[in-house]
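Subject: Structure for your review

Dear colleague,

Please find below the sequence and structure that I am handing over to you. I would be grateful if you could look through them before reading the findings.

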Amino acid sequence: MGRIIASVRIDNISDPSKSMRCDALVDTGASYMVLPSAWKDRLGELEAIGTVDLETATQQVLQGEICGPVRIQIEGFRPIYNEVLFVDMTPEDGIYEPLLGYIVLEQSQAAVDMLGHRLIHVKRMDLK
């Protein structure tokens, strides 16, 4: 199975001068746009919506902070307005790996092409 990486731009809606671009691992097991807590200052002042308990694939329980609102745009797809989840991460070789979860994918009309190892545009949203 291959890894799918997408370029994502995230903007602070309240302060458009605060934005960032990153490469994120497409993770359909994650729900939110997950960013390392170390990057929180890059987006400036965001409203802290609350904290949530998270369970990793290794069954480790972590706490994350949901903040927003932000504008999220996956390269090649329409922008959406949502929240981000900040989590304490340990960088591997000094590099963090943000996660692009299924809520953001669905809202952006992006689907995972498992054969082509890429994101593709969904022509119609599901209403059934």
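Predicted model: local features only at pLDDT ≥ 70, side-chain atom pairs only at ≥ 80, totals over all residues.

The protein chain contains 1 helix and 9 strands, and their order along the sequence is β-β-β-β-β-β-β-α-β-β. The radius of gyration is 14 Å, which agrees with the value near 14 Å that a compact globule of 128 residues would have. Along the principal axes, the C-alpha atoms occupy a box of roughly 35 × 35 × 30 Å. Of the 128 residues, 35% are buried. The accessible surface amounts to about 8100 Å², and carbon and sulfur atoms account for 48% of this area. Where contacts link residues at least 6 apart in sequence, 53% of them join residues at least 24 apart.

The largest pocket holds about 610 Å³ of space. Its lining consists of 22 residues, of which Asp27, Glu55, Thr56, Ala57 and Leu99 are the closest to the centre. By class, this lining has 12 nonpolar, 5 polar and 5 charged residues. Strands β4 (47–55) and β6 (80–87) each supply at least two lining residues, and β4 gives the most, with 3.

Yours sincerely

Conventions. Residues numbered from 1 in each chain as written. Heavy atoms only, no water. 1 Å grid on protein atoms, 1.4 Å probe; cavity = no way out; pocket = protein on both sides within 12 Å on 5 of 7 lines; lining within 4 Å. Points joined across faces, edges and corners; volume = space filled by probe spheres on them. Helix = DSSP H or I, 4+ residues; strand = E, 2+ residues; numbered from the N terminus. Nonpolar A, V, L, I, M, F, W, Y, C, P; charged D, E, K, R; others polar. Rg over C-alpha atoms; globule rule 2.2 N^0.38 Å. Buried < 20%, exposed > 50% of the residue type's maximum accessible area, 1.4 Å probe, protein only. Contact = heavy atoms within 4.5 Å. Areas by Shrake-Rupley, 256 points an atom, 1.4 Å probe, with all protein chains shown as cover.
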